[in-house]
Amino acid sequence: MRLCRMMFFMFALVLAQTAWAQDKPNVLLVFLDNFGWGEPGFNGGGIIRGAATPKLDQLAAEGLRLTNFNVEVQCTPSRSAIMTGRYAVRSGNSTVPMGEGVYGLVQWEVTMAEMFANAGYATGMYGKWHLGRTEGRFPTDQGFDEWYGIPNSTDESVYSSVQGFAESGVAETYVMQGHKGSPPKKVRPYRLDYRPQIDRDLTDKAVDFMQRQAGAGKPFFVYLPYTATHFPTMPHPDFLGKSGKGPWGDLLMQIDSYVGELLETIDDLGIRENTIVIFTADNGPEALSAGETSMTVETAIHGSAGPWRSTLFTGYEGALRVPFAMRWPAKIEAGRVSDEIVHEMDLYPTLARLVGGKVPQDRVIDGIDMTGFFLGRKEASGREGFVVYMGNDIFGVKWRDWKLHFKEQSGWNGVLREYTMPRVYNLINDPQERDNVLFPHTWVPKAALPQLEAHVISLKAYPPVPTGAKDPYSPPR
């Protein structure tokens, strides 16, 4: 009798644990590469950019759309910020690595994936990492159960086809695949023949992962950092010529179709109501500065930041603001739109609260828990601004509807200017950030600069991880 009771108790405990796990929301985070604010239809793009985006527009209509969602302005810093909830300068990843040395997140950092894993989630990543390409720095070393994708950036797919590379001694980039607990393996060279194909495979693998976890009754976190729309612009053969508007329109159709497949999978699995879907991007678009001339077909495609100025690798709104839509039918009211300031760093503590995860208490977390705002219980996001970095340099400060610029770079490859007095822009009256109104608005720096002062003080109290630091790493006490 005692044995039967014990077996019954253990069986009930297993059922209770399974039910608890299934009550946790699944999370799908789609993260595009160099995708400007003005690209999707829900931000006024779509057909004027070459193709309608009905699936993306539906996603935005069924949830929360943020028009003032901000990121860091380069690929690596942005990915560091979203994974750690911290300014990228704190992790030593404030610039895109150009050399072949060690870079990326040290093991001491606690990633979003590790937070989900510790909360009982299955974690899968499919796509571009750009936070480490050496032993101990791959996604499966940083909380992901499995990964398929590229360690660095898509421009490396061009290398093998250009003159002089074969003799350079630089290692070729490979598509990689790995599972937690073992080193990832090279799958195939990342060359131009696979560049149009890779996002199709990333989508298929993300779908398969969701199907497997849903079948097992386990909550999942899928991080899907697509390679689109990073140069070179090469749509999948299924979409080539389909828009009739050129490769950019074709690529928009592809992105929209793939996101539609992900949403259909979630519906087919019967997990729509309790799955959080987030669609956003790492930074603003690729484009040459006004007045410049492109002599090659491959680089003559300019991304759109909508009404905002400039491109990635600048401190302007065109670099900082990216599309954002979040759907969670069980909790988020459909059709809500907000222009409240939100930063990608805020996703870490917010998602941690929503899934029952833990945020590290032994370090500075710059993200703000926005649970109440996301769920519609508060109108204000709780964030009034943030410090604007371009690489290791502080370019400015954003505060409410205002921007202060200490430095300005005209475009990703443009002219850098430094000022003895900050330039002040009102983003409502002047979304292109062209009219300096420091006078008569000298009160704005007084209101905006305390957040910068607090940030600088925190950097002295908690020194950043040195760029290129090796593991094992421990912060100075």
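Six bridges tie β13 (385-390) to strand β14 (residues 393-399), and the two run antiparallel. Strands here are DSSP runs of E, at least two residues long, and helices are runs of H or I with at least four, both numbered from the N terminus; two strands pair if DSSP finds at least two bridges between them. Bear in mind that this is a predicted model: local features need pLDDT of at least 70, side-chain atom pairs count only at pLDDT 80 or more, and totals for chains, interfaces and linings use all residues. Residues are numbered from 1 along each chain as its sequence is written, and side-chain values use heavy atoms, with hydrogens and water left out.

- M390 sits opposite D393 in β14.
- The hairpin of β13 and β14 has two residues between the strands, and G391 takes a positive phi near 70° there.
- β13 is mostly covered, with six of its six residues buried (buried means under 20% relative accessible area, exposed over 50%, partly exposed in between, using a 1.4 Å probe and protein chains only).
- β14 also has four bridges to strand β15 (residues 402-409), again antiparallel, and K398 stands opposite K403 in β15.
- Put together, this is an open sheet of four strands in the order β13-β14-β15-β16, with antiparallel pairing.
- At its edges are β13 and β16 (416-426), each pairing on one side only.
- Neighbouring strands in this sheet are turned by 20° against each other on average, direction ignored. Axes are lines fitted to C-alpha atoms, for helices over the stretch in contact, and angles run from 0 to 180 degrees between N-to-C directions.
- Helix α11 (residues 443-461) lies across β13, β14, β15 and β16, running at about 130° to β14; contact means heavy atoms within 4.5 Å.

**The ten-stranded sheet**

- The other open sheet to look at has 10 strands in the order β7-β6-β5-β4-β8-β1-β9-β10-β2-β11, with mixed pairing.
- β7 (185-189) and β11 (336-338) stand at the edges with a single partner strand each, so one side of each has no neighbour in the sheet.
- On average, neighbouring strands of this sheet are turned by 10° against each other, direction ignored.
- Strands β1 (residues 26-32) and β8 (residues 220-224) run parallel and are joined by four bridges; V27 has F221 as its bridge partner in β8.
- Helix α6 (residues 198-216) packs on the sheet, touching β4 (122-128), β5 (146-150), β6 (174-179) and β8, and its direction makes about 175° with that of β4.
- Helix α9 (residues 347-355) packs on the sheet too, touching β1, β9 (275-281) and β10 (325-327), with its direction at about 175° to that of β9.

**A covered helix**

- Helix α3 (residues 75-84) is mostly covered: 10 of its 10 residues are buried.
- Its cover includes β1, α4 (88-91), α5 (112-118), β4, β8 and α9.

- Ground rules: on a 1 Å grid over the protein atoms alone, a cavity is a set of points where a 1.4 Å probe fits but cannot get out, while a pocket is an open set with protein on both sides within 12 Å along at least five of seven lines; lining residues have an atom within 4 Å of a point.
- Grid points are joined across faces, edges and corners, and a volume is the space filled by probe spheres set on the points.
- Searching the whole structure turns up two cavities of 30 Å³ or more.
- The largest cavity comes in at about 50 Å³, and its lining includes R195, D199, H230 and M234.
- The second largest cavity has a volume of about 40 Å³, and β13 gives the most to its lining, with four residues.
- The largest pocket has a volume of about 780 Å³.
- Of the 31 residues lining the largest pocket, D155, H230, F231, E286 and W412 lie nearest its centre.
- The largest pocket's lining splits into 14 nonpolar, 11 polar and six charged residues.

Notes. Nonpolar A, V, L, I, M, F, W, Y, C, P; charged D, E, K, R; others polar.
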